[in-house]
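Thanks for passing this one along for a look.

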Amino acid sequence: MAVRPIFVVSLDNKFFIKQDTEFEFYSGFSDKQKRKCIQSLHKEYLKKNNGKKVLEVSSKSEEETGRKLSAFNLLLKTKDGREVSVEQVFQAGKVFEDGGPYTDLLDMPPGAAKKDIRLKNSGNIISFIFDGISFETDPKTFFYNWLYINALYLNKSLAEQITGYDAFTDIEFNPKKSINCQAEAAAIYVSLEKQGLLLEALKDKDSFKEIVYAV
């Protein structure tokens, strides 16, 4: 057995509810094993939420929409016109005590960018930067969620599809090891859209922070 969070869309200023859910875990690194875990996790959620729609948001998703919503696949356009994934922008935007930002990560595949040794050997993260705009490290999920939700807004087809779901998972996300989660960002997007707050939140980073984090 294992426990993973399910991010349920909440139509209030919480934007999502994180439901830690216990499910039967299938060990192994193959896509087949990961998808068995996803099916098991979703089954547990639907036992108490019959009729709801839940989507796995990762490269392991059985749904094409879910795979396209992976931060490895969801694209942003930089100021110089390049289209790169949310994951590349996130990793390349980290500013450390002893280095960074390592903008060459924008030219690497997302998986390689995430594993670059400099990200572990440059001290603590002191800020983030994207297209010349600096982002503070608090709230901890601020920069990642800002990137993801902006990217999703620019991908109109995916944005329309995602609003039909009530909850989101990311089987690779373990809150004991990670902070940022694409399933959380997806839930926030849907809530902002349904509450009519999306455009105001995306006006600039300060509006986003004030609305999403009630600062």
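Which element supplies the largest share of the lining of the largest pocket? Helix 3 does, with 3 residues. A word on conventions before the points: this is a predicted model, in which local features need pLDDT of at least 70 and side-chain atom pairs count only at pLDDT 80 or more, while totals for chains, interfaces and linings use all residues. Residues are numbered from 1 along each chain as its sequence is written, and side-chain values use heavy atoms, with hydrogens and water left out.

1. **The pocket itself.** The volume of the largest pocket is about 1400 Å³. Of its 38 lining residues, Lys114, Glu172, Lys177, Ser178 and Asn180 are the closest to the centre. Helix 1 (31-48), helix 3 (86-92), helix 4 (110-114) and strand 7 (125-130) are the elements that each give two or more residues to the lining. A pocket here is an open set of points on a 1 Å grid over the protein atoms alone, where a 1.4 Å probe fits, with protein on both sides within 12 Å along at least five of seven lines; lining residues have an atom within 4 Å of a point. Points are joined across faces, edges and corners, and the volume is the space filled by probe spheres set on them.

2. Sorted by class, the lining holds 14 nonpolar, 11 polar and 13 charged residues. Nonpolar covers Ala, Val, Leu, Ile, Met, Phe, Trp, Tyr, Cys and Pro, charged covers Asp, Glu, Lys and Arg, and the others, Gly among them, are polar.

3. **Overall fold.** You will find 9 helices and 9 strands in the protein; these are DSSP runs numbered from the N terminus, helices being H or I with at least four residues and strands E with at least two. The radius of gyration is 17 Å, which agrees with the value near 17 Å for a compact globule of 215 residues (taken over C-alpha atoms, the rule being 2.2 Å times the number of residues to the power 0.38). Along the principal axes, the C-alpha atoms fill a box of roughly 45 × 40 × 30 Å.

4. Of the 215 residues, 49% count as buried, meaning under 20% relative accessible area, with exposed over 50% and partly exposed in between (1.4 Å probe, protein chains only). Among contacts with a separation of 6 or more, 56% link residues 24 or more positions apart; a contact means heavy atoms within 4.5 Å. The protein exposes about 11000 Å², and carbon and sulfur atoms supply 48% of that area (Shrake-Rupley method, 1.4 Å probe; for residues, only the protein chains shown count as cover).

5. Val9 sits in strand 1 and counts as buried because its relative accessibility is 16%. Beyond its neighbours within four places in sequence, Val9 contacts Phe15, Phe16, Tyr165, Asp166, Phe168, Ala187, Val190 and Ser191. Leu11, in the loop between strand 1 (2-9) and strand 2 (16-23), is exposed at 56% relative accessibility. Leaving out residues up to four places away, Leu11 touches Ser191, Lys194 and Gln195.

6. **Backbone points worth a look.** Most residues other than glycine have a negative phi, and most peptide bonds are trans. Phe15, in the loop between strand 1 and strand 2, has a positive phi near 70° and is buried at 3% relative accessible area. Asp131 has a positive phi near 50°; the residue lies in the loop between strand 7 and strand 8 and is partly exposed at 27%.

7. **Two cis peptide bonds.** One joins Gly100 and Pro101, with omega about 5°; Pro101 is in the loop between strand 6 (94-96) and helix 4. Another joins Asp138 and Pro139, with omega about 0°; Pro139 belongs to the loop between strand 8 (133-135) and helix 5 (142-154).

8. **A buried lysine.** Is Lys34 buried or exposed? Lys34 is buried, with a relative accessible area of 13%, and lies in helix 1. Setting aside residues up to four places away in sequence, Lys34 touches Gly28, Phe29, Lys60, Ile171 and Glu172.
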